[in-house]
Amino acid sequence: MSEHVVEVAGLIKRFDRVVAVDGIDFRVPRGAIVALLGGNGAGKTTTISMLLGLLIPTAGRVTILGEDMLRHRYRVLPRINFCSPYVDMPKRLSVRHNLIVYGELYGIARVRDKLAALAHDLALESFIDRPTGQLSSGQKTRVALAKAFLNDPELLLLDEPTASLDPDTADWVRNYLRRYQEAKGATILLASHNMTEVERLCSDVLMMKEGRIVDRGAPAALIAKHGRQTLEEVFLDIARGLSASAAQGAARGAAP
Amino acid sequence: MSLVPNIAGDLAFSPRRIRAMVLRYLFLLKGSWPRIFELAYWPIMQMVLWGFFTQFLLTNSSFIAQAGGVLIAGVLLWDVLFRSNIGVAVSFLEEMWSRNLGQLFASPLRPYEWAVSLITIGFVRVVLGIGPAALLAIPLYHYSIFDMGLPLVAFFANLLVFGAAVGIAVCGLVLRYGLGAESLAWVAVFAFAPISGVYYPIATLPGWLQPIALALPSSHVFEGMRAVMIEGVFRWDYFVDACLLNLVYLGLGLGFFLHIFRIARRRGLLLQVGE
């Protein structure tokens, strides 16, 4: 069994003349929580979409759980799942009906038992028979997470999992993800531009800018490398195009 | 396509996933009485309108007088084709409207399984839509389309499949061009109405148009319908031609849809639904 759940090599995605992802390489070890960090348009969502097979790369290779995603994505999809605030579930269906449909799609044994357990874990009981479109952002996020956990995924791909959530709900979601990862030994790759989230949750960070990975490492190591106090300062240095050494100079008060 | 598992417990063609998608559309219908009402409303209105027209013509047209139900049967069977097409396309549009494609195709659902589920729910919607109109014609006009017997099943099945084939192709176009092309779902099938011989024989059409009309399964169905109602014979040649043509159209429709689906994955359209 490979030590790496995700292996990406030379991944490129071009939309006509726009290069959304520009030759990235990375690997995600089994059981790790790794962040793709970058500003808007950095290529995070495009990368996640290619990992899921929703988007066919222009070039490069994606291997997940030892399988080539371009050739054998249907061997992988039952073992992974994803959650994104930018992709909805049918709004007119109740939460229960949505989760039953997805449970059946993932081939879950005893869907209703699984649904009851998830409803309890994610506190869905009070609104499980309400139309999904009538829920608050926090409730919708919990429903999306319930869908993402239906098949006990070995790999969870999350695109900005706490976007538009209040701090309390966001903290609850992070704790839930952490508990799931510890209980199942699952691997999580999340795209985010929430620095607090990444610092608290992730063992490694891939910093993306303009489709490229421009830096990588553990949050603490990146902060030290750039001579900053927080990951947010590192993010700003990278977003503004400062190198690590220039950033250290800027941090000491010198001109960058 | 294989029924052999490609990993433990995961079939390359799974009836369970198709059932899941059919269930998804049934949940939607069950929870929305306006949708069910709309399904039956137009077929009933059509049947009432053409029923009165038929009663008028019965005393003024020797053609209609030969078979009083020929117009009502044409109306009801045309609606099978139309409702099948709409049933497939609207169920597809439900996914576009709810921005659900990304979720669906990050799951193990295959696009051809989705297409089969769309065709299946199209059939359910046809039965829900045409059934009440066909039943209502019995007390209103003393005409029962069910008197046709087994030939009705043959006509129904062929129109259902042709409507689904057109519907699947339209789904491909909407997937490719976004919700800006949504109106195609409602209007595309009407291009076939004038040349399908719904209310008049194909021989009525100009000579140059007749071969085009006969390339459609629907024209063979309506010619066959008139043969049953006016001559009292079931024309196997029409039936076989309709079946063979349907195989071609269904294959083309599915092939086109799967081709567009691949383009959609290349262009990122599964995540960017909208106008």
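In this predicted model, R99(B) and D88(A) form a salt bridge in which the closest N and O atoms are 3.2 Å apart. Three salt bridges are found across the interface of chain B and chain A, and over all chains the count comes to 21 salt bridges.

**Interface of chain B and chain A**

- The contact draws 37 residues from chain B and 35 residues from chain A.
- Between them, chain B and chain A bury about 3300 Å², and 59% of this area lies on carbon and sulfur atoms.

**A salt bridge of chain A**

- Side chains of opposite charge can pair when their charged atoms come close.
- R96(A) and D129(A) meet through their side chains in a salt bridge, with a distance of 2.8 Å from N to O.
- Because R96(A) belongs to helix α3 of chain A while D129(A) sits in the loop between α4 (111-121) and α5 of chain A, the pair ties together parts that are 33 residues apart in sequence.

**Helices α3 and α5 of chain A**

- Two packed helices are described by the angle between their axes and the distance between the axes.
- Helix α3 (residues 95-105) of chain A and helix α5 (residues 137-149) of chain A have axes that come within 9 Å and cross at roughly 20°.
- Since angles under 35 degrees count as roughly parallel, α3(A) and α5(A) are therefore roughly parallel to each other.
- The two helices α3(A) and α5(A) make a right-handed crossing.
- On the side of α3(A) the residues V95(A), L99(A) and Y102(A) take part, and they meet V143(A), A146(A) and K147(A) in α5(A).
- Sorted by class, this contact of α3(A) with α5(A) has five nonpolar residues, no polar residues and one charged residue.

**Helix α6 of chain B against α11**

- In chain B, helix α6 (residues 111-141) packs with helix α11 (residues 236-267) at an angle of about 130°, and their axes are 10 Å apart.
- This angle makes α6(B) oblique to α11(B), and the crossing in which α6(B) passes α11(B) is right-handed.
- From α6(B) the contact involves P111(B), Y112(B), W114(B), A115(B) and I119(B), while α11(B) contributes L250(B), L254(B), F257(B), L258(B) and F261(B).
- By class, the contact of α6(B) with α11(B) has 10 nonpolar residues, and no polar and no charged residues.

**Helix α6 of chain B against α7**

- The axes of α6(B) and helix α7 (residues 150-177) of chain B come within 10 Å, and they cross at roughly 130°.
- With that angle α6(B) is oblique to α7(B), and the crossing of α6(B) and α7(B) is right-handed.
- The residues in contact are A115(B), L118(B), I119(B), F123(B), V126(B) and V127(B) of α6(B), together with F156(B), L160(B), A164(B), I168(B) and C171(B) of α7(B).
- By class, the contact of α6(B) with α7(B) has 11 nonpolar residues, and no polar and no charged residues.

Definitions and conventions:
Residues are numbered from 1 along each chain as its sequence is written. Chains are lettered from A and ligands numbered from 1 in the order in which they are written. This is a predicted model: local features need pLDDT of at least 70, side-chain atom pairs count only at pLDDT 80 or more; totals for chains, interfaces and linings use all residues. Side-chain values use heavy atoms; hydrogens and water are left out. Axes are lines fitted to C-alpha atoms, for helices over the stretch in contact, and angles run from 0 to 180 degrees between N-to-C directions. Helices (H or I, at least four residues) and strands (E, at least two) are DSSP runs, numbered from the N terminus. Angles under 35 degrees count as roughly parallel, over 145 as roughly antiparallel, 65 to 115 as roughly perpendicular and the rest as oblique. A crossing is left-handed if the near helix is turned anticlockwise from the far one by less than a right angle, and right-handed if clockwise. Contact means heavy atoms within 4.5 Å. Ala, Val, Leu, Ile, Met, Phe, Trp, Tyr, Cys and Pro count as nonpolar, Asp, Glu, Lys and Arg as charged, and the others, Gly among them, as polar. Buried area is the accessible area (1.4 Å probe) that two parts lose on being put together, summed over both. A salt bridge is a side-chain nitrogen of Lys or Arg within 4 Å of a carboxyl oxygen of Asp or Glu.
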